[in-house]
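Welcome to the tour. Please open the model in your viewer and keep the selection panel handy.

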Amino acid sequence: MDEPVVVVGAGPVGLAAAAHLLERGMTPVVLEAGPRAGAAVARWRHVRLFSRWSELADPAARRLLERTGWRAPDPDAHPTGEEWVARYLAPLADALGDHVRVNARVVGVARRGRDRVVDAGRDSEPLTVHVEDGGRITARAVVDASGTWGGPNPLGGDGLPAVGERAAADRIGYRVPDVVGDAGRYAGKRIVVAGSGHSALTALVALTGLAARHPGTHVTWLLRRGAVGAVFGGGEADQLPARGALGLRAREAVRAGHVDVVTGFRTAAVERDGDRLVLVSQDGRRLDPVDEVVALTGFRPDHSWLSEVRLDLDPVLQAPTRLAPLIDPNAHSCGTVYPHGANELRHPEPGVYLVGMKSYGRAPTFLALTGYEQVRSVVAEIAGDHEAAANVELTLPETGVCGGSGVFDVAEPGTGACGVAEPAADVAGPADAGCCGGPRVAELTLTAPGARG
């Protein structure tokens with residue numbers, strides 16, 4: 001087939017997919033909704049990753065870059081999101097040249113001449129990718145690396161926005177706050193942080209650092225679970241030292257009395273009290289009025305623009321059915337994930353693959369190394385090299401804790417919303433961000449969450 005392979009999303013995993021496609025002699029077309037490659041990562045530029053530079057560059061991408069004279073950063077350093085874009089993603093996009101198209105939002109994918117009901121020709125007709133401006137691209141395959149950055153989970157405790165949450169959107173943020181660039185919003189204020197993952201820990205550490213410089217800043221941490229349990233992670237047992245250190249710093253902030261902890265609080269309503277907000281739990285508890293709420297409760301994928309292709313998704317996680325048992329947080333939260341590739345990521349629709357953070361659906365703790373191995377395998381499969389596609393190898397750093405994180409009101413260990421790092425300029429030491437939907441990418445790279453292309 002002469003048609004290109006369309007990659008949706010120019011984040012770390014999408015650009016890596018393009019590099020692998022070029023190596024195998026295929027033509028990639030990368031469609032990015034934002035104004036530049038790495039647009040989603042740039043949104044969490046203040047966050048420092050858990051992973052080192054040596055773990056943040058895909059091998060095929062590195063080979064492509066080295067042909068341009070690119071020099072790899074210090075392999076042992078931990079970059080911020082801003083540095084990841086400037087020193088890796090932007091140069092990689094430049095090396096890919098016209099294969100990357102920005103301001104190109106994908107609004108639909110279909111089988112040419114057929115809606116999802118028609119069986120005939122689904123294995124012979126190409127795919128069509130519809131772009132917001134009305135353009136269409138005929139493709140031999142579609143690799144969806146659009147991430148989950150655009151779909152943060154709500155504050156509401158049942159997966160839907162709490163009563164009054166949308167009306168209070170001016171006071172509620174759904175990403176790790178930039179307490180340096182946006183200090184005026186938080187300094188000297190009463191702030192609630194909701195969530196139990198690395199993003200929440202990052203926010204707690206950053207905000208308590210802000211409180212040390214700006215007396216009057218008060219931080220309350222809301223947990224839906226009934227006890228703090230192992231939310232601080234594995235500490236020194238974590239094979240990503242920066243990730244473990246983040247949990248230790250957050251735990252120390254709580255122990256030192258810099259953070260008030262409220263457990264078993266599932267938000268049902270958000271009420272206005274003048275310029276402040278009052279959060280009300282499902283059991284009727286009311287918090288004192290606060291100035292700002294930071295809701296870091298995870299991300300979810302957007303499958304709406306894939307409605308005309310046949311996907312096989314787990315009903316719980318919204319991840320590919322074959323992959324879901326390997327990443328289900330109700331069963332485990334270990335850093336170890338069984339190696340997986342094209343076989344676990346394929347769908348009934350020929351040539352359609354979900355990769356990167358989006359492949360994990362609502363499951364947390366996606367690492368960039370995972371995404372890089374995914375696209376290596378998927379591209380091999382598209383190229384017809386089934387042996388290489390099946391030969392997947394992946395060794396991820398363990399978190400130091402294991403156990404189900406999806407339990408209800410039980411102090412079980414969990415990894416939370418995303419592997420996100422701490423704000424670089426505000427807190428000493430690196431942490432890791434995912435692309436959490438934003439920062440949350442592999443080994444640990446939070447592939448932050450990449451914006452949908």
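Contact here means heavy atoms within 4.5 Å, while helices (H or I, at least four residues) and strands (E, at least two) are DSSP runs, numbered from the N terminus. This is a predicted model, where local features need pLDDT of at least 70, side-chain atom pairs count only at pLDDT 80 or more, and totals for chains, interfaces and linings use all residues. Residues are numbered from 1 along each chain as its sequence is written, and side-chain values use heavy atoms, with hydrogens and water left out.

**Stop one: a helix pair.** Select H1 (residues 12-23) together with H4 (residues 81-96). Show side chains: Pro-12, Leu-15, Ala-18, Ala-19 and Leu-22 of H1 touch Trp-84, Leu-89, Leu-92, Ala-93 and Leu-96 of H4. These contact residues comprise 10 nonpolar (Ala, Val, Leu, Ile, Met, Phe, Trp, Tyr, Cys and Pro count as such), no polar and no charged.

**Stop two: a parallel sheet.** Next, find the open sheet of 5 strands ordered S3-S2-S1-S7-S15, with parallel pairing; strands pair if DSSP finds at least two bridges between them. Its edges are S3 (100-101) and S15 (352-354), each pairing on one side only. Zoom in on S2 (residues 28-31), which is joined to S3 by 2 bridges. Val-30 has Val-100 in S3 as its bridge partner.

**Stop three: another sheet.** Now look for the open sheet of 5 strands running S8-S14-S9-S10-S11, again with parallel pairing. S8 (172-173) and S11 (259-262) are the edge strands. Finish by selecting S9 (residues 190-194) and S14 (residues 292-295), a parallel pair with 4 bridges. Within that pair, Val-192 is partnered by Val-293 of S14.

Key
Axes fitted to C-alpha atoms, helices over the stretch in contact; angles between N-to-C directions.
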